[in-house]
Amino acid sequence: MKRVITYGTFDMLHYGHINLLRRAKEMGDYLIVALSTDEFNWDSKNKKTYFTYEQRKQLLEALRYVDLVIPEEGWGQKVSDIKLYKVDTFVMGDDWKGQFDYLEDETDAEVVYLGRTPEISTTQIKKDLTGG
Ligand code: C2G
């Protein structure tokens, strides 16, 4: 069984997220999503999410592509996650290109960056809705 992992906030789940998750799942048989906790978002990513961790987790768990959702509580947990869950492939959108190459040195996992869906983002949605 080929195991894939990806990380993110996934706030206000939209088709850009779905495009990423679908392609990530296509790379294996089992997809783990490490979902940023509210504390991690606020303390380390300066993100105030619209949906809480539990609400974002519920949305992800409803997707056919997602097999397991675990909390992302810090930047430094990726190596231990990959080892603990025996991950074969680490996937992120290419806005992160190069940021996680170190994982190939520190683990047996392959690192893959997939093209972002350019025109959509949670920030853009909020702007469009508020006329901001
Ligand atoms: N994404 C995408 N296309 C978009 C928006 C997002 O492909 N239009 C991808 C991002 O590249 C990322 C994933 O969807 O791989 C989740 O995006 P975010 O929720 O914005 O995650 P981020 O804040 O980048 O957190 O430790 C890594 C971080 O937790 C990543």
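Visitor: What does contact mean for V4, and which residues are in contact with V4?

Guide: Contact means heavy atoms within 4.5 Å. Leaving aside neighbours within four places in sequence, V4 is in contact with A24, M27, G28, Y30, L31, I32, V87, T89 and V91. A word on the source: this is a predicted model, where local features need pLDDT of at least 70, side-chain atom pairs count only at pLDDT 80 or more, and totals for chains, interfaces and linings use all residues. Residues are numbered from 1 along each chain as its sequence is written, and side-chain values use heavy atoms, with hydrogens and water left out.

Visitor: Where is V4 placed?

Guide: Strands (E, at least two residues) and helices (H or I, at least four) are DSSP runs, numbered from the N terminus. V4 sits in strand β1, residues 3-8. The C-alpha atoms of V4 and F90 are separated by 5.9 Å, though these residues are 86 apart along the chain.

Visitor: Is V4 buried or exposed?

Guide: Buried means under 20% relative accessible area, exposed over 50%, partly exposed in between (1.4 Å probe, protein chains only). V4 has 1%, so V4 is buried.

Visitor: Why does Q77 count as buried?

Guide: Q77 counts as buried because its relative accessibility is 14%. Q77 lies in the loop between β3 (68-72) and α4 (78-84). Beyond neighbours within four places in sequence, Q77 is in contact with Y7, P71 and E72.

Visitor: What about D29?

Guide: D29 has a relative accessible area of 46%, so D29 is partly exposed. Its place is the loop between α1 (15-26) and β2 (30-36).
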